[in-house]
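Open the structure in your viewer and keep the selection tool at hand. This tour says what to select next and what is there.

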Amino acid sequence: MERLESVIELQQLCKRYGGKKAATAVVALDNLSLQVPAGSLYGLLGPNGAGKTTALRILCTLLAPDSGSVRVGGVDALAEPRAVRRLLGYVAQEVAIDKILTGRELLQLQGDLYHLAPAARNRRMDELIELLGMTDWIDRRCGSYSGGMRRRLDLAAGLLHSPQVLVLDEPTVGLDIESRAAIWSVLRQLREGGTTVLLSSHYLEEVDALADHLAIIEAGKVIAEGAPAVLKAALGGDRVTLRVREFSDADEAERVRSLLHDCAGVRQVVVNRAQGYSLNLVIEHDGVVEQLRRQLAAADLPVFALAQSRPSLDDVYLQATGRTLMDAELAVAGSRDPKAERKASM
Ligand SMILES: Nc1ncnc2c1ncn2[C@@H]1O[C@H](COP(=O)(O)OP(=O)(O)OP(=O)(O)O)[C@@H](O)[C@H]1O
């Protein structure tokens with residue numbers, strides 16, 4: 001495969017919040033390194049609190065790291081932040097927008113901040129209004145916009161100066177399916193046009209659908225990195241979900257588990273209590289399914305449902321971290337104070 005040159009290089013970034021005292025400090029980035037190939041659509045995948053926003057804010061020169069280096073298009077972002085800002089467009093997670101102005105007026109203001117000449121600015125705005133499907137509402141006041149409309153306006157603002165690299169922090173969080181699909185389609189078009197797109201997400205399906213490269217981030221570190229298809233293929237084997245009855249129970253599930261555990265070509269048999277005591281397992285090859293059916297029949301066990309699938313990104317995440325992304329999210333829920341963090345980052 002052709003080796004693409006990296007347009008973003010983060011090397012050994014460290015960042016703590018909350019001062020020097022080890023007892024109270026939060027380690028947000030712990031030697032995080034990342035290379036984003038030019039022209040790729042790169043996904044940063046990780047649960048809330050993994051350090052994605054911190055890494056993106058450092059990349060976009062909005063926050064200083066404690067140590068490490070950042071290069072964008074070969075330019076040192078810590079030494080030359082202004083030059084790097086010209087190369088980057090950043091769409092933050094939450095943007096406070098003026099509710100009185102219309103979307104068009106806001107874009108005009110943004111264009112002026114980038115020192116775009118009025119004629120070029122207006123041409124670019126027309127292109128973006130068309131691309132992002134904003135024609136019908138761009139002259140309405142922003143106060144009346146839905147979440148999806150606001151996100152599209154944020155995206156247009158980030159793209160006004162035609163950056164080589166677009167960085168988005170959780171671009172579709174909380175959006176309806178239609179707005180999400182519209183944003184995905186624009187991101188794909190940008191990639192086709194040669195823009196490098198780096199986005200953070202805690203939606204597996206988003207990263208799976210969009211990214212040609214991804215990094216899994218946990219506790220401020222990159223713990224897996226690569227093309228989704230390569231990461232999945234590296235796991236080997238197919239995933240099978242088996243239900244012997246619509247509603248089984250713990251004893252029966254345990255009986256099935258030990259039966260399957262002894263079958264050749266079967267590994268990682270797990271009882272899934274939350275899913276009606278179904279069983280999850282990995283099979284080495286297709287022939288194992290028939291063998292399983294025979295074993296179950298011989299033990300007088302029925303088969304209510306049996307589904308086979310290739311390894312998913314969920315499985316990649318599980319393999320890399322030892323837990324599902326949902327469990328990781330649950331583990332941090334409630335342990336953060338968003339108000340205090342927002343105040344501290346102002
Ligand atoms: N301003 C702040 N003050 C103190 N701690 C912070 C601050 N910002 C982030 N943190 C902490 O740093 C860690 C990384 O947070 P960060 O926001 O970078 O993660 P994330 O992966 O982007 O999650 P999310 O998508 O929820 O923002 C978390 O433990 C978080 O609680």
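The stops below go from the domains to pairs of helices and then to a single helix.

The model is predicted: local features need pLDDT of at least 70, side-chain atom pairs count only at pLDDT 80 or more, and totals for chains, interfaces and linings use all residues. Residues are numbered from 1 along each chain as its sequence is written.

**Domains.** Select residues 6-231, which are domain 1, and then 237-310, which are domain 2; these bounds come from an automatic or database domain assignment. The centres of domain 1 and domain 2, taken over C-alpha atoms, are 43 Å apart.

**α3 and α5.** Helices here are DSSP runs (H or I, at least four residues), numbered from the N terminus. Select α3 (residues 103-113) and α5; their axes come within 9 Å and cross at roughly 25°. Axes are lines fitted to C-alpha atoms, for helices over the stretch in contact, and angles run from 0 to 180 degrees between N-to-C directions. That makes α3 roughly parallel to α5 (angles under 35 degrees count as roughly parallel, over 145 as roughly antiparallel, 65 to 115 as roughly perpendicular and the rest as oblique). Now show Gly103, Leu106, Leu107 and Gln110 of α3, which meet Leu153, Ala156 and Ala157 of α5; contact means that C-beta atoms, placed from the backbone, lie within 7 Å.

**α5 and α6.** On α5, pick Gly148, Arg151, Arg152 and Leu155; they meet Ser179, Ala182, Ile183 and Val186 on α6.

**α8 and α11.** Select α8 (residues 228-235) and α11 (residues 313-321), which pack at an angle of about 65° with axes 9 Å apart. The two helices are therefore roughly perpendicular to each other. From α8, show Pro228, Leu231, Lys232 and Leu235; from α11, show Leu313, Asp315, Val316 and Gln319, which complete the contact.

**α10.** Finish with α10 (residues 287-298), a helix of twelve residues. From first C-alpha to last, α10 reaches 17 Å, close to the expected 16 Å (1.5 Å times one less than the number of residues). Just after α10, select aspartate 300, which takes a positive phi of about 65°.

Terms used: Contact = placed C-beta atoms within 7 Å.
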